Structure formats: C-alpha cells, structure tokens
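Please keep the model open while reading these notes.

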Amino acid sequence: MKTAEAQSATALTMEVARVQAIASISKCMDTIPSEYIRSEKEQPASTTLHGVVLQVPVIDIDDKNVVKLMSDASKEWGIFQVTNHGIPDEVISNLQKVGKEFFEIVPQEEKEMIAKNPGSQNIEGYGTSLQKELEGKRGWVDHLFHKIWPPSAINYRYWPKNPPSYREANEEYAKRLREVAEKIFKSLSLGLGLEAHEMMEAAGGEDIVYLLKINYYPPCPRPDLALGVVAHTDMSHITILVPNEVQGLQVFKDGHWYDVKYIPNALIVHIGDQVEILSNGKYKSVYHRTTVTKDKTRMSWPVFLEPPPEHEVGPIPKLVNEANPPKFKTKKYKDYVYCKLNKLPQ
C-alpha cells in the first residue's frame, strides 16, 4: 500500500517528464523528442567554434598578484578557474559521490518526494524545467536545488535523506567553500579600488545565501541538436562550480561559442549579474551554456552566492560619479529574479 505522499509523488512523475527517464527510453534511437531540439541558431554542432578550446584564466588563490589576476579575468572574461583553493580533494569527491548516488541509485518515487511544486515561486527541490523557455523548448537536464548556507536559510525538506551521508558531505563542502568565497570577494573588491570588505558587505555580508544546484545531464542520442542548459548569465553575485570529468561548459566570447577546458581539481568561478551591477559594469557577467554528450553522463555542482531576497543591489556608490553614472537600477534581489525568470525588462 502506497502512502499518500508516495502517491502524490508518483502522480507528479507522470505529470513531469524527467530527462533521465527520456534518456533511458531513447538511448537505442537516433532521435529525441522535438521539445529538446534547439533552433538552428542554437544547435551546438553548428554554432560551436570547433578545434579551439578556450583556456580561461587559471589563478592560484595564493598568487601574490591574485587581485590583479582576478580583476583582469572578471573584466575581460567573466570567468576564471581557481587552483590551490584549500578545499581537500576528499571533500569535493564526497560531494560528487552523494550527488551522483541521489540521481542514479535513489528510487524515482523517493526523488519525487522532494520535487518542487510546478508553478511555485520556490526554486528549491528536485526538478526539470527552470525558467520560462521560449517556444516551449527544454534543456536536456534534471536538477536538484537547495540552500546550504546560512543555517537560517536552509530547509532540510529539500535535502535528500538518501544516501545517508548526503547531509554531512554537503555541510562540510559549504564550510570550506565559504572560506574560498570570502577570498574571492576580497580580491574583487580590492581590484575595483575599494577596501577589502566593501564588496562583500554590499553583496549582503553574512546573510549571503549559498544555493547549491546539482545538474544531471544524461547521455543524449543527438547531442548535436540539444543543449543541457540554454545560453544565459547567472543571476547570482558569483557562482562557484565543480564539474565531473565530462567536459561540456561553453562560453560566448568575441562572437563565438567555445568549449572551456577544465583544470582537474580547480573551482570554476562565474561572475554573475549582481557583481556586474555592484561594479557598475566593470566586471562582466559571463554568457555561457552547456552541451551534452552521446555516451557519458555529465554532472556539475554550481553554488550560487546570492543576496537575500529583500536585499537591494545597485552600483556601489564609490564607483559612481559624473564621469561614471550608474548603469543599473538599484532593486531588491527578489524583483530582479522575478523579471529575469519571466523574461521581463529590468
């Protein structure tokens, strides 16, 4: 006899097609459902600059020139990779192990018990679609969102109970990641001629929310036609990401889409919309997308560092003057998110 919770989870499964299920049905075919086929101007096979792999800046966090290196990378690229970051390999591999087990070992009914409600404003939970997609198109990805810091923002309802070590692995990663994030904010602040603490304070200080997303991109019979995540910039201040070993991140630079080459054990850092706003446009939010592969599962673990919903973000006053008027409106983060997800002007 199924519990009412399990029955409603099963009903939700039937209502929402999970990409993992579609992938297992279509793996012997040479086709994918039409809603996953991107328009010609988006299809990765025809829009990627092949034969060129983008070597985004790689920065040792203890380099004596770290401020200049991070500042330059954030102005020119909007993305960089951080090495010597101090997070032990074991902590990262535990994070990856429990995330992989959630998607590949936990029964579907159990996954659906922490699914997000369709139509809800709450982003947390297990799900498939995320933002309003034009023409009803979908990304070849399932995901899990939940907050990992600060404790006051965490809702354990969206944390998997299985595998049993899931919570411990995520809490340990969150603790280590915060130390790295503070160093990044400090360098970005100094790189703008501000004092070390000013950017993080303007971003929300101790109340900055760390939102984890696990992306699960199953093998796709037609990776030439599909995208994992459509081209976008991140809404966050910054995003700190670890991928698995399967490449798939692409960045738009100088009018072309390029594959980004990962450095083993590095953290990938994206400049997001809010840091672009805080810096009054000096730092650039990176335009990126993800591709999928035919025979391998790609996964990534981005953590979005966001302001609290009621926190107002605008250009830092010290960076604005007559020669540099504000390029962005100051607004509550929740209003920014609503406009972005619903494709409304900011």
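1. Helices (H or I, at least four residues) and strands (E, at least two) are DSSP runs, numbered from the N terminus. This is a predicted model: local features need pLDDT of at least 70, side-chain atom pairs count only at pLDDT 80 or more, and totals for chains, interfaces and linings use all residues. Residues are numbered from 1 along each chain as its sequence is written, and side-chain values use heavy atoms, with hydrogens and water left out.

2. An unreviewed UniProt entry lists residues 207-307 as "domain: Fe2OG dioxygenase"; such annotations may be inferred rather than shown by experiment. Over residues 207-307 the chain is 46% strand and 6% helix. The end C-alpha atoms of that stretch are 7 Å apart.

3. Ile61 sits in the loop joining strand 2 (58-60) to helix 4 (66-76). Is Ile61 buried or exposed? Ile61 is buried (under 20% relative accessible area; exposed is over 50%, partly exposed in between; 1.4 Å probe, protein chains only). Its value is 7%. Val286 is 225 residues from Ile61 along the chain, and their C-alpha atoms are separated by 20 Å.

4. A salt bridge here is a side-chain nitrogen of Lys or Arg within 4 Å of a carboxyl oxygen of Asp or Glu. Lys75 belongs to helix 4 and is partly exposed, at 34% relative accessible area.

5. Glu179, Glu182, Glu206 and Asp207 make up a negative surface patch. Glu182 lies in helix 7 (residues 166-191). Glu182 is partly exposed, with a relative accessible area of 35%.

Definitions and conventions
Patch = residues over 30% accessible without salt bridge, like charges linked within 9 Å, V, L, I, M, F, W, Y side chains within 5 Å. Areas by Shrake-Rupley, 256 points an atom, 1.4 Å probe, with all protein chains shown as cover. Lys, Arg positive; Asp, Glu negative; His and termini not counted. Charge placed at Lys NZ, Arg CZ, Asp CG, Glu CD.
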